[in-house]
Amino acid sequence: MTKSRFDPSSLGSSSRAVSWFLGTIVAAIVLVLLVQARFFLIPLAIAILLFSLTSAMIGTIARLHFGSLRIPNWLASATAVSLITAMLLALFGIVSSQIDAVLTVAPTYAERGQEAVAALFAWLGDDVVEGVLGAFQDINISAWLRAAAGSAGNLLVAIILVILYVGFLFAERPWFEVKLSMLFPDSKQARHISQVVSSISRSVHHYMLVKTAVSAVTGLVVYGILLTFGLDFAEALAILTFVLNFIPNLGSIVATTLPMLVALVQFESLPPVIALLAVVGTAQFLLGNVADPMLMGRTLQMSSFAIVISLTFWGAIWGPVGMFLAVPIMVMVMIVCSHIPSLRAFAILLSRGGLRMTEEKEADQDVRE
């Protein structure tokens, strides 16, 4: 009688299959939670970015001293929260006023816009023009306007949540290191986790600082250009330019196209439209493709294709806000995966140069510290 032999490799294969199965279930649950809980997850993500952007500055202010007087940490934190609150509320007031101004004349612009766009296709024949006009008539402009009017209330709720989250994050800031040491009693492991958190904080802080500065300069330059051309909605378009420039690649294209569409409706001839497109496009190119990479340096060496995938994924889950948050989230994921041996291959795929330049940058920063 032949005895069956036990093959140890079969146990390993079944274990890997179970691990992949459980991983798929966990990924599906996380995806559902990201979609269903985005009402509070989106403000939380924005609050973490604002906290990261200002925490380094608060630490620097807290270390300042005037003779024997030092600025208390609580005073620096309270000042930061007050400034963030004032900034967000001022931004809400500006955005609300611009929404009201746009909604007032939007129906008229919608009708004129249909005629202007159809006129661009006049050389293709009357059938094409009628088809374009029919396509525009199928778009429910009034529903879009009602949705835009209702978005102001949702924006206020989101801003209040962001302010609350930022306030509590600053309140918990002095206890982060204490909690970390209690979570990881092993000093070596705690030090490693602290290095990962510091690396994420440095990268996200630098990215947000550079992007905010470049986007603000781009918005001001575009605002000046639009005023020079006498374009309507110059303030609203400048604000959109500032926000859209946080979205890599796609944002600058949309921010360049929107003024052209408004000019197409406002002006009766093509030469000023083409001139405006050329000037705005040149400004966007110089600031986005020359100044931005120069200031960003080697801090974020991410794959361009991975950025596009990240924009698509987070845009599908959280909409335009998800595209705004895609790159910072991708930075966090790449850094965490680079410090976990089993996930290092995934981090290499996300990086542009195989993590080599990123690791050199982190090593230089650790030496300076």
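So, look at where helix α7 meets helix α8. On the α7 side you've got Thr212, Ser215, Ala216, Thr218, Gly219, Val222, Tyr223, Leu226 and Leu227, and on the α8 side they meet Ala234, Glu235, Leu237, Ala238, Thr241 and Phe242. Sort that contact by class and you get 9 nonpolar, 5 polar and 1 charged residues.

Before I go on, please keep in mind that this is a predicted model. I'll come back to the confidence in a minute.

Now the geometry. Two packed helices get described by the angle between their axes and the distance between those axes. Here, α7 covers residues 187–229 and α8 covers residues 234–244, and their axes come within 8 Å and cross at roughly 155°. Anything over 145 counts as roughly antiparallel, so that's what we call α7 and α8. The crossing of α7 and α8 is right-handed.

What joins the two? There's a loop between α7 and α8, and Phe233 sits in it. Have a look at the backbone there: Phe233 has a positive phi, about 60°, and it's not a glycine.

Okay, other neighbour. Helix α9 runs over residues 250–266, and α8 packs on it at an angle of about 165°, with the axes 8 Å apart. That makes α8 and α9 roughly antiparallel as well, therefore, and the crossing of α8 and α9 is again right-handed. Which residues do the touching? From α8 it's Leu237, Leu240, Thr241 and Leu244, and they meet Gly251, Ser252, Val254, Ala255, Leu258, Pro259 and Val262 in α9. By class, that contact has 8 nonpolar and 3 polar residues, with no charged ones.

If you leave aside neighbours within four places in sequence, Thr241 is in contact with Thr218, Gly219, Val222, Ala255 and Gln284.

One more residue in α8, and that's Ile239. What does Ile239 touch, not counting residues up to four places away in sequence? Ile94 and Gln98. Ile94 is 145 residues from Ile239 along the chain, and their C-alpha atoms are separated by 9.0 Å.

Let me zoom out. The protein has 14 helices and 2 strands. Of its 369 residues, 34% are buried. And if you take contacts between residues at least 6 apart in sequence, 70% of them join residues at least 24 apart.

The average pLDDT for the protein is 75, and 73% of the residues score at least 70. Where is confidence highest, and where is it lowest? It's highest in α8, at 87, and lowest in helix α14, residues 356–368, at a mean of 48. Over residues 363–369 pLDDT stays under 50, and the model has 4 contacts beyond four places in sequence for that stretch.

Methods
Residues are numbered from 1 along each chain as its sequence is written. This is a predicted model: local features need pLDDT of at least 70, side-chain atom pairs count only at pLDDT 80 or more; totals for chains, interfaces and linings use all residues. Side-chain values use heavy atoms; hydrogens and water are left out. Axes are lines fitted to C-alpha atoms, for helices over the stretch in contact, and angles run from 0 to 180 degrees between N-to-C directions. Helices (H or I, at least four residues) and strands (E, at least two) are DSSP runs, numbered from the N terminus. Angles under 35 degrees count as roughly parallel, over 145 as roughly antiparallel, 65 to 115 as roughly perpendicular and the rest as oblique. A crossing is left-handed if the near helix is turned anticlockwise from the far one by less than a right angle, and right-handed if clockwise. Contact means heavy atoms within 4.5 Å. Ala, Val, Leu, Ile, Met, Phe, Trp, Tyr, Cys and Pro count as nonpolar, Asp, Glu, Lys and Arg as charged, and the others, Gly among them, as polar. pLDDT is the predictor's confidence in each residue, from 0 to 100. Buried means under 20% relative accessible area, exposed over 50%, partly exposed in between (1.4 Å probe, protein chains only).
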